[in-house]
Amino acid sequence: MTTDRLVLRSWTAGEAAAVVDGVRLPHWAEDFPAEGDQVIAGLLAEQPAWLGLYGHRLITERDSGLLIGSIGLFWPPSDGTLEIGYGIVASRRGLGHASEATRALTGFAFTAPGVHMVRAEVELSNPASIRVLEKAGFQRSDTGTGQNTVRYGVTAPVRR
């Protein structure tokens, strides 16, 4: 999947192993992987559905070819709802990459059979992540499952 400035593609087993093992690959931004990327890489073996068509992706800048973060849908859906999570390395934050990737993957999520909502849970102490969601078209929906968290969501467009 490509956007104007990004390529979103599935993790490879080799990339996941490199992250878990602490091995750096040449096409990674200097500060990749971030903590969230390490968590996801460690869980991919236990969650094979996350590597499927609607699963987790690595985010690469088209111009530089550098891997700058990851984004993913936590498959399978629950009652037609998917959870999305994302992270961009610190050196590439503030450039709109997270919102661009979130819009693209959210649109793609709505092509999955039966999916009618995409949600994200974010800490209130993370205003940058809240802005990412708002720029991607998400709206605050309710309080989150954790203390000091809130959920944002977007529903599938009406098809005519």
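I will start with how the model is to be read and then take the parts in turn.

This is a predicted model, in which local features need pLDDT of at least 70 and side-chain atom pairs count only at pLDDT 80 or more, while totals for chains, interfaces and linings use all residues. Residues are numbered from 1 along each chain as its sequence is written, and side-chain values use heavy atoms, with hydrogens and water left out.

Helices first. Two packed helices are described by the angle between their axes and the distance between the axes. Helices here are DSSP runs of H or I with at least four residues, strands are runs of E with at least two, and both are numbered from the N terminus. Axes are lines fitted to C-alpha atoms, for helices over the stretch in contact, and angles run from 0 to 180 degrees between N-to-C directions.

Helix H1, residues 13–21, packs on helix H2, residues 35–43, at about 120°, and the axes are 9 Å apart. That angle makes H1 oblique to H2; under 35 degrees counts as roughly parallel, over 145 as roughly antiparallel, 65 to 115 as roughly perpendicular, and the rest as oblique. H1 passes H2 in a left-handed crossing, meaning that the near helix is turned anticlockwise from the far one by less than a right angle, where clockwise would be right-handed. H1 contributes Ala-16, Val-19 and Val-20 to the contact, and H2 contributes Asp-37, Gln-38, Ala-41 and Gly-42; contact means heavy atoms within 4.5 Å. By class, this contact of H1 with H2 has 4 nonpolar, 2 polar and 1 charged residues. Ala, Val, Leu, Ile, Met, Phe, Trp, Tyr, Cys and Pro count as nonpolar, Asp, Glu, Lys and Arg as charged, and the others, Gly among them, as polar.

H3 and H4 pack at about 45°, with axes 8 Å apart, and are therefore oblique to each other. H3 passes H4 in a right-handed crossing. Ala-98, Ser-99, Thr-102 and Arg-103 of H3 meet Arg-131, Val-132 and Lys-135 of H4. That contact of H3 with H4 has 2 nonpolar, 2 polar and 3 charged residues.

Also in helix H3 is Ala-104. Leaving aside neighbours within four places in sequence, Ala-104 is in contact with Met-1 and Thr-3.

Now the backbone. Most residues other than glycine have a negative phi, and most peptide bonds are trans. Which bond joins Phe-32 and Pro-33? A cis peptide bond, with omega about 5°, and Pro-33 sits in the loop between H1 and H2. Another cis peptide bond joins Trp-75 and Pro-76, with omega about 5°; Pro-76 is in strand E3. Asp-79, in the loop between E3 and E4, has a positive phi, near 55°.

Last, the lining of the largest pocket. By class, the lining has 18 nonpolar, 13 polar and 9 charged residues. Among the elements that each supply at least two lining residues are H2, strand E5 (117–123) and helix H4 (127–135).

That is the end of my list.
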